[in-house]
Amino acid sequence: MVPLSLTVNGKPIEVEVEARTLMVDLLRNTLGLTGTHIGCDTSQCGACVVHVNGRTIKSCSVLAVACDGEEITTIEGLACDDGRLHPMQQAFADCHGLQCGYCTPGMIMTAVAIADEEDLLEPARLREELHGNLCRCTGYQNIVKAVIAGADAMKRSG
Amino acid sequence: MQNFDFHRPQTLAEAVSILAEDEGAKLLAGGQTLLPTMKQGLATPSALVALRAIPGLTGIRACDDGSLEIGAMTCHADVAASPLVQRLLPGLAALANKIADRHVRNRGTLGGSIANCDPAADYPAALLALDATIVTDRREIPADEFFAGLFTTALEDREIVTTVRFAPATRVAYAKFSSPASRYAIVGVAVAASGSAVRVAVTGAGADGLFRWEEAEAALTRDFSPEALGKFEPDPDMLNGDMHASPAYRASLTRTMTIRAVRTLLSERILD
Ligand SMILES: Cc1cc2nc3c(=O)[nH]c(=O)nc-3n(C[C@H](O)[C@H](O)[C@H](O)COP(=O)(O)OP(=O)(O)OC[C@H]3O[C@@H](n4cnc5c(N)ncnc54)[C@H](O)[C@@H]3O)c2cc1C
Ligand code: FES
Ligand code: FES
C-alpha cells in the first residue's frame with residue numbers, strides 16, 4: 001500500500017491505496033464521491049473528468065498515487081453547502097443541457113475550467129474544446145448553449 | 001490492472017538506480033499511453049517510476065544562442081500555451097494544441113510521446129523536421145537517429161529523456177488530417193525551413209512509421225512553393241493501409257498536408 005495525502009473538494013484526505021488505484025476509483029469507491037462517472041474506462045469519453053490543481057484530467061487515466069499533494073475538485077465540490085447549484089450546473093438545468101446525465105459531471109467540470117477563457121467560448125471553438133467529452137443522448141446543441149450561459153452567469157456572480 | 005510497486009524519486013540519479021535494481025520497472029510520465037496499455041494487459045511492469053517530482057524535467061527556456069529547450073515532462077497544454085514557444089516556434093505550439101483533447105493535453109508529456117513513438121503521434125514529425133536534439137540522462141541524440149521505426153527509438157534500457165532542444169532560426173508548420181475519434185494523425189506532415197534548407201517529416205502514413213519525404217524536400221529546397229511539388233506523392237507501397245485509409249489515400253493526403261504546411265509557412269499564419 002502507498003500512503004497518499006491530497007485535498008479533495010477543499011478537505012484534506014490521508015489514505016493508503018494500492019499503487020494501481022485509479023483516481024476515479026479512489027473518488028468513487030474509497031471516498032464515496034460517485035458523482036464522477038466511468039463511461040468508457042479507456043480514456044475516450046470524459047465522463048470521469050475532474051480538476052487537479054484547477055486543470056481538467058480524465059480520472060480513469062491517472063493513478064491516485066500520481067496526485068500526491070495535489071488539489072482535486074469533483075462535481076460534488078461545485079454546489080454551495082446550502083444546496084444551491086453552481087451557476088454552470090444551473091445553466092445545464094435551465095438550457096436542457098442534459099438528458100440521462102451520465103456525461104454531465106464531466107461536461108460541467110470541463111465547462112467550469114474553460115469558462116473564463118473568453119476566446120474558447122465562441123461556439124465553433126467551444127465544440128473543439130468539448131472534443132474530449134462525449135454525450136450520447138442530449139446532443140451538443142444545448143450543451144454548447146448551457147456552457148455559454150453558465151460562463152456568463154459565472155462572470156456575473158464574480 | 002495488475003498491481004505494481006510505485007516510486008517517486010526526487011532526482012534523476014535515484015530514478016536510474018531504481019530502474020537498475022528492478023528489470024521490470026518502467027518510467028511513468030503522464031500515463032496517457034502507459035495506463036491504457038496496462039489496463040489492457042499489454043504492459044505489466046513490476047514497478048512504475050514516476051518522473052513528476054524530479055526538478056528540472058519540466059519547463060521551457062530560451063538559451064543564449066536562441067535555441068529553445070523543452071523539458072521532457074512538460075505537458076502538451078503547457079507547450080501550446082507558452083508565450084516563448086508561440087514566439088520562437090509557433091508551429092510547434094499549434095501542433096501541441098491539436099494533440100488529443102484538452103484533458104489528455106493537461107497530462108501527456110513531450111518525453112512520453114517521443115519515447116513511446118506511436119507511428120501516428122504528432123510530436124515526432126515536428127522533431128524530425130526541425131532536426132531537434134533529444135537530450136537524455138547520458139547523451140544527446142539527433143532526431144534522425146532517435147526515431148527508429150514503429151514504437152521504436154534509439155533509447156537504450158533505462159535511458160531517460162530529459163530535454164528536447166530546437167535550433168534557432170528554424171520555422172515549422174504542421175498539417176494533420178486526424179482521425180475524428182482519437183485525433184491521432186491519419187497523416188500528419190511537418191515542414192521545417194531553416195534558411196533555404198527544407199525538411200519534410202511525415203507521421204501516420206509510413207508502413208514503417210515516421211519518415212522524411214526526401215523527394216518533397218529536394219523540390220521545396222529548389223522552390224519553396226506548393227507548385228514545386230508538381231504531381232509528387234510518396235509511393236503507396238511504402239505506406240500503411242488500415243480501416244481509416246488505404247495506402248493510395250494516404251499518399252494523396254501526404255501531398256495535400258505538405259501543401260497546407262507550405263502555405264502556412266508562406267503566409268506566416270502558423271497559429272490558426
Ligand atoms: C484519447 C487519447 C488521444 C490521443 N491523441 C493523440 C494525438 O492526437 N496525437 C498524439 O501525438 N498523441 C495522442 N495521444 C497520446 C498522448 O499524446 C500521450 O500523452 C503520449 O503519447 C504519451 O505521453 P505520456 O506523458 O502520457 O507518457 P506515458 O504514458 O507516461 O509513457 C509512455 C511511454 O514512454 C516512456 N517514457 C515516458 N517518459 C519518458 C522519458 N522521459 N524518458 C524515457 N521514456 C519515457 C514510458 O515508460 C512509457 O513506455 C492520445 C492519447 C489519448 C489517451
Ligand atoms: S471513463 Fe474516463 S474517459 Fe471515459
Ligand atoms: S446526457 Fe446522456 S450522455 Fe449526455
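**Close-up views of a predicted two-chain model**

**View 1. The overall build of chain A.** Chain A has five helices and five strands, where helices (H or I, at least four residues) and strands (E, at least two) are DSSP runs numbered from the N terminus. This is a predicted model, in which local features need pLDDT of at least 70 and side-chain atom pairs count only at pLDDT 80 or more, while totals for chains, interfaces and linings use all residues. Residues are numbered from 1 along each chain as its sequence is written, chains are lettered from A and ligands numbered from 1 in the order in which they are written, and side-chain values use heavy atoms, with hydrogens and water left out. Read from the N terminus on, the elements of chain A follow the order β-β-α-β-β-β-α-α-α-α. The radius of gyration of chain A, taken over C-alpha atoms, is 15 Å, close to the 15 Å that the globule rule gives for 158 residues, so chain A is as compact as a globular protein of that length; the rule itself is 2.2 Å times the number of residues to the power 0.38. Of the 158 residues in chain A, 51% are buried, where buried means under 20% relative accessible area, exposed means over 50%, and partly exposed lies in between (1.4 Å probe, protein chains only).

View 2. T138(A) is found in the loop between α4 (123-129) and α5 (140-156) of chain A. Is this residue buried or exposed? With a relative accessible area of 16%, T138(A) is buried. Leaving aside neighbours within four places in sequence, T138(A) is in contact (heavy atoms within 4.5 Å) with H96(A), G97(A), L98(A), Q99(A) and I143(A). The side chain of T138(A) also reaches the backbone nitrogen of Q99(A), at 3.0 Å.

**View 3. Where chain A touches chain B.** The contact takes 33 residues from chain A and 30 residues from chain B. In chain A, R20(A), R55(A) and H131(A) lose the most area to chain B, together 24% of what that side buries. The area buried between the two chains is about 2,400 Å², of which carbon and sulfur atoms give 48%; buried area is the accessible area (1.4 Å probe) that two parts lose on being put together, summed over both.

**View 4. Charged pairs and contributing elements between the chains.** Seven salt bridges are counted between chain A and chain B, each being a side-chain nitrogen of Lys or Arg within 4 Å of a carboxyl oxygen of Asp or Glu. One of the salt bridges joins the side chains of E129(A) and R102(B) (2.8 Å, N to O). The elements that give two or more residues to the side of chain A that touches chain B are β3 (49-52), β4 (55-58), α3 (104-114) and α4 of chain A, and β4(A) gives the most, with four residues.

**View 5. Two residues with positive phi.** Most residues other than glycine have a negative phi. N53(A), in the loop between β3 and β4 of chain A, has a phi near 50 degrees, a positive value in a residue other than glycine, and at 43% relative accessibility N53(A) counts as partly exposed. In chain B, A100(B) has a phi near 45 degrees, again a positive value in a residue other than glycine. A100(B) has its place in the loop between α5 (90-96) and α6 (102-105) of chain B, and A100(B) is buried, with a relative accessible area of 17%.

Key: Polar contact = N/O pair within 3.5 Å; in protein donor to acceptor, adjacent residues only side chain to side chain.
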